[in-house]
Amino acid sequence: LLTVAGVKAMKMYKQDTSGEWGPLMSKSTEEYEKERDERRKTKREKERWPTKGYDSLKDVAKKLKKANLKFISKEELSVKELYNLQKYVIIALYSEHALRLDWADVRLGRTNEQDKNFLHKHSRRGWILTMRKYKTSKTMGEVELKLSRATSLVLSMFVPKVKKTTDHGYLLSTFQGNKLSRSGLSKILIRLTEKHLGSKIGSQIIRVLKSTKFRRDTEKSEALAKELMHSTKQQLQYAKK
């Protein structure tokens, strides 16, 4: 990170990077890639790795579902009630589908806009997530994900409440009823995992947890690579020993 910052700074000031900084960045990049290929947990990952790995999120989701039964059973919610219920929904989503922070940018309903991600409910296939704008979209293109049955049940309960309570057209909301930002989603994830798992676990570590869980299952790993929207090689690097 420091050598990349150094090269960026040199370029910003229109300085030559072929002397010290360029080769230094190349060397540190090679060392980083070598370390990633060994797939050992980083110090940060070791410190935050929950006892039951990826399955720990399902335990948190069950706990939050029980705490929000009164909101789940209500047809109409206030903005504050929707926000509280949403905490359960966010953990439930990540316990099944480990996206980056893209859940914050998901629109409700089909759209022809090529830079928008959206959810829609198919009459026979259930809930479908179409991803058009994400980190690797330039190389991966549009990705369509059929969401799990558990996720579909959560969305069938939650989406009608979102539509009745808000008018921003997106899946996730702020405490004030506006569209939730990616940074806002990250903060919610960190707070919830720290409170219920004792570790600050964000979307990146969640992706590593899921990849590690399925690292020996080739079929599921291929499907997971599509869900995580990256290459098979990168998928392997995410799975830790």
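**Notebook: aromatic rings and their surroundings**

I counted twelve helices and four strands in the protein, taking DSSP runs numbered from the N terminus (helices H or I, at least four residues; strands E, at least two). The model is predicted, so I noted that local features need pLDDT of at least 70 and side-chain atom pairs pLDDT 80 or more, while totals for chains, interfaces and linings use all residues. Residues are numbered from 1 along each chain as its sequence is written, and side-chain values use heavy atoms, with hydrogens and water left out.

I looked up burial next: 47% of the 241 residues are buried (under 20% relative accessible area, with exposed over 50% and partly exposed in between; 1.4 Å probe, protein chains only).

I then searched for aromatic pairs (Phe, Tyr or the six-membered ring of Trp, centres within 6.5 Å; planes under 30 degrees apart are stacked, over 60 edge-to-face, the rest tilted). The structure holds one. Tyrosine 83 and phenylalanine 175 are edge-to-face, with 5.4 Å centre to centre and 90° between the planes. The partners stand 92 residues apart: tyrosine 83 belongs to helix H6 (residues 79–94), and phenylalanine 175 to the loop between helix H8 (149–165) and helix H9 (182–197). Tyrosine 83 is buried at 14% relative accessible area, whereas phenylalanine 175 is partly exposed at 41%.

I also checked for charges over rings (NZ of Lys or CZ of Arg within 6 Å of the ring centre and within 35 degrees of the ring normal). Arginine 107 lies over the face of tyrosine 170, 5.2 Å from the ring centre. The charged end of lysine 179 also sits over the ring of tyrosine 170, at 5.1 Å from its centre.
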